[in-house]
Amino acid sequence: MPRMRILTASEQEAFSKPPLFNHCERKKFFALPRALLDMAQNIRSADHQVGFLVSCGYFRATRRFFAPTDFESRDVAYVANQLGYDAVSARIYPDRTRQRHQQLILDFYGFSPFDEAAKKVLSVEIITMARMHLKPRLIFDRCIDFLIQRRIQVPTVRSLTDMIRAGLQERKIELVVLMDFHLTYEARTLLDELFTASDDQNRYRLTLLKKLSQSTKPTRIKESISDFEILAVLYSQLEGILSVLDLGIAGIRYYAGSVMKSEVFQIQRREANDRYIHAAAFIAH
């Protein structure tokens, strides 16, 4: 299975790059306190001074740091002009110097670095959200809000997405284990039959159930009643395991929605218990 995509490629790129300030925003975020300006004056290199203050402005706006190679040239020129410099390159800003300056910025704004302790705190929050079956993108946005509220530096997009994927995978493994332990043989057989074709049609039973007719024609109504009777039998067999899984309304919608949007062969490629989770949620939905 391909890796879950949380942000689009363009969204990842935008998140990884500094904000694009207009004139008013540039003036606002680089109007830095005297204390930071005094810190900059104690830095010997003009390039490093500018790099430090540009990082301050970006952190003030986003609560995260960016690579000097991505600094916007207009921001660099603006800060350099404020300091009275003509030609300055923020690219001449070594990693070790930059990391030391980042700690000064974090301390000034009362933020903690995104270290192992922060990762543990965020992991607990991600697992909680995974149990609520929130959409991955919503989890991503809430993680940023969570970190800022607790005055923790916002990390790179890769760090966040990797942690979210890990949290969702942990929840999935938990559900798979529950399904494997509690699902009865009879219920497994009924679910497996959803992925077989009926004798008189060459379409999977699950495909037919996904396309319940809204027609008022008598023949269509009879077919719909028959389909609902099948679903009722399946649901009665699955009530116990659904109670154990405790998916809730959001979880049922989450997995059922995946079934509705996927082709049967895509669901079949999933590991058996994972497939059963999706199919059970579809029936409950």
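Me: Why does Tyr255 count as buried?
Reply: The model is predicted, and in it the relative accessibility of Tyr255 is 8%. Buried means under 20%. Tyr255 at 8% is under that cut-off, so it counts as buried.

Me: What makes the pair of Tyr254 and Tyr255 edge-to-face?
Reply: Two values are needed here. A pair of aromatic rings is described by the distance of the centres and the angle of the planes. The ring centres of Tyr254 and Tyr255 lie 5.2 Å apart, and a pair needs centres within 6.5 Å. Their planes stand at 90°, and over 60 degrees counts as edge-to-face. The pair of Tyr254 and Tyr255 is therefore edge-to-face.

Me: Why is Tyr254 called partly exposed?
Reply: Tyr254 has a relative accessible area of 30%. Buried is under 20% and exposed is over 50%, with partly exposed in between. The value of 30% falls in between, so Tyr254 is partly exposed.

Me: Where does Tyr254 lie, and which residues does it touch beyond four places away in sequence?
Reply: Tyr254 is part of helix H13. Beyond four places in sequence, its contacts are His133 and Pro136. Asp141 is 113 residues from Tyr254 in sequence, with 18 Å between their C-alpha atoms.

Me: Which residues lie nearest the centre of the largest pocket?
Reply: Tyr254 is one of them, along with Met4, Pro136, Ser258 and Arg270. The lining has 30 residues, and the pocket holds about 1,200 Å³ of space.

Me: Which elements give two or more residues to that lining?
Reply: They are helices H8 (136-149), H9 (157-182), H13 (248-261), H14 (264-268) and H15 (272-284). H13 supplies the largest share, with six residues.

Me: How do the lining residues divide into nonpolar, polar and charged?
Reply: There are 11 nonpolar, seven polar and 12 charged residues in the lining of the largest pocket. Arg counts as charged, so Arg270, one of the residues nearest the centre, belongs to the charged group.

Me: What makes the pair of Phe21 and Phe29 stacked?
Reply: The model has 13 aromatic pairs by the ring rule. One of them joins Phe21 and Phe29, with 5.2 Å between the centres and 20° between the planes. Planes under 30 degrees apart count as stacked. The angle of 20° is under that limit, so the pair of Phe21 and Phe29 is stacked.

Me: Why do Phe21 and Phe29 count as buried?
Reply: Phe21 has 7% relative accessibility and Phe29 has 15%. Both values are under 20%, so both residues count as buried. Phe21 and Phe29 also belong to one aromatic cluster with Phe30, Tyr58, Phe66, Phe71 and Tyr78.

Me: Is Cys24 buried or exposed, and is Cys143 buried or exposed?
Reply: Cys24 has a relative accessible area of 58%, which is over 50%, so Cys24 is exposed. Cys143 is at 0%, which is under 20%, so Cys143 is buried. A disulfide needs two cysteine sulfur atoms within 2.5 Å, and the count by this rule is zero.

Me: What is phi of Arg63, and what is phi of Arg151?
Reply: Phi of Arg63 is near 65° and phi of Arg151 is near 55°. Most residues other than glycine have a negative phi. Arg63 has a positive value and is not glycine, and Arg151 also has a positive value.

Me: Where do Arg63 and Arg151 lie, and are they buried or partly exposed?
Reply: Arg63 sits in the loop between helix H4 (46-62) and helix H5 (73-83). Its relative accessibility is 19%, which is under 20%, so Arg63 counts as buried. Arg151 sits in the loop between H8 and H9. Its 39% falls between 20% and 50%, so Arg151 counts as partly exposed.

Me: Why is Arg171 called buried?
Reply: Arg171 lies in helix H9 and has a relative accessible area of 7%. That is under 20%, so Arg171 is buried. Beyond four places in sequence, Arg171 is in contact with Ala130, Arg131, His133, Leu245 and Asp246.

Me: Why is Val176 called buried?
Reply: Val176 is also found in helix H9. Its relative accessible area of 17% is under 20%, so Val176 is buried. Beyond four places in sequence, Val176 touches Glu271, Asn273, Asp274 and Ile277.

Key:
Residues are numbered from 1 along each chain as its sequence is written. This is a predicted model: local features need pLDDT of at least 70, side-chain atom pairs count only at pLDDT 80 or more; totals for chains, interfaces and linings use all residues. Side-chain values use heavy atoms; hydrogens and water are left out. On a 1 Å grid over the protein atoms alone, a cavity is a set of points where a 1.4 Å probe fits but cannot get out, and a pocket is an open set with protein on both sides within 12 Å along at least five of seven lines; lining residues have an atom within 4 Å of a point. Grid points are joined across faces, edges and corners, and a volume is the space filled by probe spheres set on the points. Helices (H or I, at least four residues) and strands (E, at least two) are DSSP runs, numbered from the N terminus. Buried means under 20% relative accessible area, exposed over 50%, partly exposed in between (1.4 Å probe, protein chains only). Contact means heavy atoms within 4.5 Å. Rings of Phe, Tyr and Trp (its six-membered ring) pair if their centres lie within 6.5 Å; planes under 30 degrees apart count as stacked, over 60 as edge-to-face and the rest as tilted.
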